[in-house]
Every structure is written in C-alpha cells, then in structure tokens.
Amino acid sequence: MRLYPVSNFRSMKTLTFGLTLVRHGETQYNKDGLLQGQAIDAPLSEAGLQQAEAAGRYLADVKFTNVFVSNMLRAKQTAETIMKHNSSCSALEMACDALLIEKSFGTAEGRRLQDVKDMAEAAGQTFPGFTPPGGETQEQVKERFKEFLEKMLQQIGAEHFSERGQDETLLPALSRASPTEGKADDGVKDIPVHALVVTHGAYMCVVVRYFVEELHCRLPQASDKAHVFSLSPNTGLCRFIVTVRKRDDEFILSGIHCVFIHRGDHMKHTS
C-alpha cells in the first residue's frame, strides 16, 4: 500500500478517521514469559480481565463507529469488555478477522521468550527479526496487516464517506483542534469516525513499524524511536489519525499521523 499525494486526486473531498489499536490483556502465558502465537488460544488471566476492565473504563466516553478484533480468545475477551463499558458500542457489531491474529512463532510457541532469544543468537540474528522454524516472517505479518488495512479502508469509506467527507482545506484546522492533552479522547474529540482495533503485541510491533518506516507516519514531538518500536504493554493503546480520498470507486490512504503510542495510563490503578 502506498500513500497518494494530493496532486494525484481531482476530488478534494477527504474522510479523516481515528484508529485506536489496543493490545489484548494479560494471559497466564504472558505472565510466565511464554510465547503464545497462534497455536495457543489462552483466555485472559485475572490480571488481564482487570486490565481490560480498566481499558474499558478509560475509553468509556470515547466514541467508536467500528470495532475490528482478532478472532483469538484473548483479543475477543478484551474487546467485549471494552465495548461493555462504552455506550457508543451498544449498537455496534464486533467484526472478528483472522487477519488480525498474532504472529506465528512456529515451533517456539509455548516456549520461553528467552529460549527464542537464545535460538536467534545461535542463528546470528536478533529476536524481533528472527523467524523460528514454521513461524511467520515480519514481512508475512506485514502483508497480512496490509490486507486487513485495505479491507478496513474500503469498509469505512463505504459506510462513512458520503456523509462525513470533508473539504481538504478543513484538515489543517481539524488537526490543530485535536491536541494531545493526556485525555482518553486525544485526537478524536472532533472526529466523528473512529475505529477500534483489538489485536496482539508482536502484530502491533509490525504495524507501527510499517506505518512509520513505509507510510511515513508523523510521530508526536520528542518521540523516542526505541519506545515507538517497543512491545506495547497488555492493553496498551496506540492512536492514529488516518485520511482517505476517493478515487473512482476506491478509497485510498493519503495521510496518517500518530497521536500517542503505547499509552497505559488506565493500568496505573490495576493490581
């Protein structure tokens, strides 16, 4: 997927929407430092349920128009809990999508994270880029996400563009009107279309790197790249503002910037 500049479009109508990514809550495997991947479909632990509740309370007054969720149990439980607390979700259907499931770690699934780091070192590689036998490469996960992103853009465009499309000249003012203030609705207070996506840690790492390195996503000022590319904590939140334009019968991604990354304010009061 490429970003298309304004000059490529005859139409100056755009649709701007919020995209909030949430990592699922803790499972016992997370607590024990074991890789789950795709083969292990563990439920949330007691702490994970508390984290999901905290995320739900934190996002309770944030308006969502679409909810997309990995079809793995830990992600679905997290999404269900968030939606339970949110009145804007009462009429929404949770769309489960296998394209959002966690990266496959192949033969390393169920093993200690340290074991895989040792395997990577023995192979002369570092862990984030290392693919255990039978696992997915970073590139394969990225292609899976790109397929999901394309589906999401077409769905959101079809559902919201006709009534929410805006003149291009409004975008700078809209961006300035949405400062980051440490609040749950940062960046989306004045944006009527907002997608919630609940997925997984390693998957989110690939997504963020793709946004920043290939789509040239603008990051908040003073962002630390090490933090940006790190593993999001359980129920950590990342928010982006996405702009699409309509070209013929397609909706094309034309801009993206990050509001905040790996936010965990809601977890301060969980045990």
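Reader: Which residues does UniProt list for "binding site"?

Author: Happy to start there. In its unreviewed entry, UniProt lists R23, H24, G25, E26, T27, Q28, Y29, N30 and R74. Please keep in mind that the structure itself is a predicted model.

Reader: What makes H24 count as buried or exposed?

Author: The cut-off for buried is under 20% relative accessible area. H24 has a relative accessible area of 2%, so H24 is buried. You will find H24 in the loop between strand 1 and helix 1 (28–32). Its contacts, leaving out residues up to four places away in sequence, are N30, Q36, R74, A75, T78, T199, H200, N234 and T235.

Reader: Why is the pairing of the H24 and R74 side chains called a polar contact?

Author: A polar contact needs a pair of N or O atoms within 3.5 Å, one able to donate a hydrogen and the other to accept it. The side chains of H24 and R74 make such a contact at 3.4 Å.

Reader: And T27, is that one buried or exposed?

Author: Against the cut-off of under 20%, T27 has a relative accessible area of 0%, so T27 is buried. T27 is found in the loop between strand 1 and helix 1. Beyond four places in sequence, T27 touches Q36, A42, P43, L44, S45 and R74.

Reader: Which residues does the "active site" annotation cover?

Author: The unreviewed UniProt entry gives H24 and E102.

Reader: How do you know whether E102 is buried or exposed?

Author: By the test of under 20%, E102 is buried, because its relative accessible area is 7%. E102 sits in the loop between strand 3 and helix 4 (113–122). Among the residues that E102 touches, not counting those up to four places away in sequence, are R74, E136, R144, H200 and Y203.

Reader: What makes strand 2 and strand 5 a pair?

Author: Two strands pair if there are at least two bridges between them. Strand 2 and strand 5 (residues 194–199) are joined by 4 bridges and run parallel, so they pass that test. F68, for instance, has V197 as its bridge partner in strand 5. Strand 2 also has 4 bridges to strand 3 (residues 94–97), again parallel, and S70 is partnered there by D97. From strand 2 the chain crosses through helix 3 (residues 73–85) to strand 3, in a right-handed β-α-β crossover.

Reader: Which residues have the most contacts inside the largest nonpolar core?

Author: That core has 39 residues, and those with the most contacts inside it are F17, L19, F148, M152, F211 and F240. Elements that each supply at least two of its residues include strand 1 (13–23), helix 5 (138–164) and helix 7 (201–213). Apart from it lies another core, of 22 residues, among them V67, A75, C89 and I241. In soluble globular proteins, nonpolar side chains tend to be buried together.

Notes:
Residues numbered from 1 in each chain as written. Predicted model: local features only at pLDDT ≥ 70, side-chain atom pairs only at ≥ 80, totals over all residues. Heavy atoms only, no water. Right-handed = clockwise from strand over helix to strand, strands pointing away. Core = buried A, V, L, I, M, F, W, Y, C linked by side-chain atoms within 4.5 Å. Buried < 20%, exposed > 50% of the residue type's maximum accessible area, 1.4 Å probe, protein only. UniProt positions renumbered as here; feature names shortened; annotations may be inferred. Contact = heavy atoms within 4.5 Å.
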